[in-house]
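This briefing covers a surface feature and a sheet. The sequence and the structure are shown first, and the points follow by topic.

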Amino acid sequence: MNLNKKGFTLVELLAVIAVLGIIIGIATMNVISAINKSKSETQKEMIGNLKEAAVSYAVDHNYKITKSSTDDCFKNSDTCVISVDTLKNNGYFEDNKGYCKGSISVQRTDDDYIATVDNDICNN
């Protein structure tokens, strides 16, 4: 009987498959983590851009909003609530994928404007 067989045993093949599975699992977790981090950074960037757009809109429309306007910018108080759609429609903010929905509150102080946005206003 000849015992000089060439090839791999079942145990060796299973060990290789297990190692490959572990490597693929680690790589998948790293890719998913990178994607989530990228989404988070994009969301932060969009919120920052949204705040800048809202302040620009508020500054440009300070006391210029007519009583028939749908926006309540500084009519009766030092606070203006601006919808994301208003910023998009007037060219202050671009969101081609429609991630951002809701409104932004802009408060006028003596020498500045401060925008307040919920962190979940832009979901991607």
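Isoleucine 24 is exposed, because its relative accessible area is 55% and the cut-off for that class is over 50%. The model is a predicted one. Isoleucine 24 belongs to helix α1, which covers residues 10-60.

**Nonpolar patch**
- Isoleucine 24 contributes to a nonpolar surface patch of about 460 Å².
- Val16, Val19, Leu20 and Ile23 make the patch together with Ile24.

**Sheet layout**
- An open sheet is formed by three strands in the order β1-β2-β3, with antiparallel pairing.
- β1 and β3 are at the edges and have a single partner strand each, so one side of each lacks a neighbour in the sheet.
- On average, neighbouring strands of this sheet are turned by 25° against each other, with direction ignored.

**Pairing of β1 with β2**
- Strand β1 (residues 79-83) runs antiparallel to β2, and five bridges join the two.
- Isoleucine 82 stands opposite isoleucine 104 in β2.

**Pairing of β2 with β3**
- Four bridges link β2 to strand β3 (residues 113-116) in the antiparallel sense.
- The two strands β2 and β3 form a hairpin, with four residues between them.
- Valine 106 has alanine 115 in β3 as its bridge partner.
- Arginine 108 has tyrosine 113 in β3 as its bridge partner.

**Faces of β2**
- Strand β2 spans residues 103-108, and its covered face consists of Ile104, Val106 and Arg108.
- The uncovered face of β2 consists of Ser103, Ser105 and Gln107.

Note on methods: Residues are numbered from 1 along each chain as its sequence is written. This is a predicted model: local features need pLDDT of at least 70, side-chain atom pairs count only at pLDDT 80 or more; totals for chains, interfaces and linings use all residues. Side-chain values use heavy atoms; hydrogens and water are left out. Patches are made of residues with over 30% relative accessible area and no salt bridge: like charges are joined within 9 Å, nonpolar side chains (Val, Leu, Ile, Met, Phe, Trp, Tyr) within 5 Å. Accessible areas come from the Shrake-Rupley method with a 1.4 Å probe; for residues, only the protein chains shown count as cover. A salt bridge is a side-chain nitrogen of Lys or Arg within 4 Å of a carboxyl oxygen of Asp or Glu. Buried means under 20% relative accessible area, exposed over 50%, partly exposed in between (1.4 Å probe, protein chains only). Two strands pair if DSSP finds at least two bridges between them. Axes are lines fitted to C-alpha atoms, for helices over the stretch in contact, and angles run from 0 to 180 degrees between N-to-C directions.
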